Amino acid sequence: DTAGAALARYSIEDRMRALSLIEYPVRPAQLIQILKGLPTDAAYDAVMALKKHELLLFDYGETECVLLAQIDEERAWPEICSLMAGGSDYKIKTVLQYLSPERKAEILKEWVQQGTSYFWYFQGQIEAVVDLEADATVKDELLTIIERKLMEFPRKAEERSKLLTQIGAVRQEQLHQHKIAGL
């Protein structure tokens, strides 16, 4: 773990050379330290080269999209959108925290409209809506879609009820915040 921090102190040229010499998989946190301050194109290309050579070491749910979004969100956008192909709920949940508010709203809207593969990701969708930097109307639209998808999902009523109660609480909090802002 100290290698990334140590390399971060080197010149751009030395760090680029070090990146080309990597022989064993590296963790995203280590790589971000090394990439900080590098020209965007060079940093992006370095991540893609490491991916090509299978030298990125991810935990469950991690993806190169997290790295790429931090380097150049616009260039990474097609790669991020590819997560919507299905079965990537946890990766979507993970990458959301690294996106700009506009992109976060865009991918979150697509994710909730698509629905989720597993019941427990509804919780992640609700939390993402709460954290979203958007007005109450946008958040309410997203919560309405989640509610609809939740009702369509085959699950016991009591499990569904907990999440519906949470959505109601989120709406109440939004209403309270709106009233405070109006004063």
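## A helical protein and its largest pocket

Helices α6 and α8 each supply at least two residues to the lining of the largest pocket. Helices here are DSSP runs of H or I with at least four residues, strands are E runs of at least two, and both are numbered from the N terminus. A pocket is found on a 1 Å grid over the protein atoms alone: it is an open set of points where a 1.4 Å probe fits, with protein on both sides within 12 Å along at least five of seven lines. Lining residues have an atom within 4 Å of a point.

The model is predicted, so local features need pLDDT of at least 70 and side-chain atom pairs count only at pLDDT 80 or more, while totals for chains, interfaces and linings use all residues. Residues are numbered from 1 along each chain as its sequence is written, and side-chain values use heavy atoms, with hydrogens and water left out.

Back to the pocket. About 180 Å³ of space lies in it. That volume is the space filled by probe spheres set on grid points, which are joined across faces, edges and corners. The lining consists of Tyr90, Lys93, Thr94, Leu96, Gln97, Lys104, Gly124, Glu127, Ala128 and Asp131.

Now the overall build. The protein has 10 helices and 0 strands. From the N terminus on, its elements read α-α-α-α-α-α-α-α-α-α. Its C-alpha atoms fill a box of roughly 55 × 45 × 30 Å, taken along the principal axes. Of the 183 residues, 39% are buried. Buried means under 20% relative accessible area, exposed means over 50%, and partly exposed lies in between, using a 1.4 Å probe and protein chains only. Contacts are heavy atoms within 4.5 Å. Among contacts between residues at least 6 apart in sequence, 62% join residues at least 24 apart.

Helix α6 spans residues 89-96, and its buried residues are Asp89, Ile92, Thr94, Val95 and Leu96. They pack against α5 (64-81), α7 (101-114) and α8.

Helix α8 is the next stop. Gln125 sits in this helix. Is Gln125 buried or exposed? Its relative accessibility is 0%, so Gln125 counts as buried. Leaving aside residues up to four places away in sequence, Gln125 touches Leu108, Trp111, Val112, Gly115, Thr116 and Ile146.

The aromatic rings come next. The structure holds 8 aromatic pairs. Rings of Phe, Tyr and Trp (its six-membered ring) pair if their centres lie within 6.5 Å; planes under 30 degrees apart count as stacked, over 60 as edge-to-face and the rest as tilted. Phe122 and Phe153 form an edge-to-face pair, 5.5 Å centre to centre with 90 degrees between the planes. Phe122 lies in α8 (residues 121-131) and Phe153 in the loop between α9 (136-152) and α10 (157-182), so this pair ties together parts that are 31 residues apart in sequence. Phe122 is buried at 1% relative accessible area, and Phe153 is buried at 15%. Elsewhere, Tyr60, Tyr90, Tyr118, Trp120 and Tyr121 form one aromatic cluster.

A charge also meets a ring. Arg103 lies over the face of Trp77, at 4.1 Å from the ring centre. For this, NZ of Lys or CZ of Arg must be within 6 Å of the ring centre and within 35 degrees of the ring normal.

What of the cysteines? A disulfide is a covalent bond between the sulfur atoms of two cysteines. Here it is counted as a pair of cysteine sulfur atoms within 2.5 Å. How many disulfides does this rule give? The count is 0. Why? The sulfur of Cys65 has its closest cysteine sulfur in Cys81, 9.2 Å away, which is too far for a bond. Cys65 is buried at 1% relative accessibility, whereas Cys81 is partly exposed at 26%.

Finally, some individual positions. Glu54 lies in the loop between α4 (40-52) and α5. Its phi is near 55 degrees, a positive value in a residue other than glycine. Most residues other than glycine have a negative phi. Glu54 is exposed at 66% relative accessibility.

Ala6 belongs to helix α1 (residues 2-7). Ala6 is partly exposed, with 34% relative accessibility. Its C-alpha atom is separated by 27 Å from that of Ala76, 70 residues apart along the chain. Ala134 is found in the loop between α8 and α9. Ala134 is partly exposed too, with 31% relative accessibility. The C-alpha atoms of Ala134 and Ala29 are separated by 29 Å, with the two residues 105 apart along the chain.
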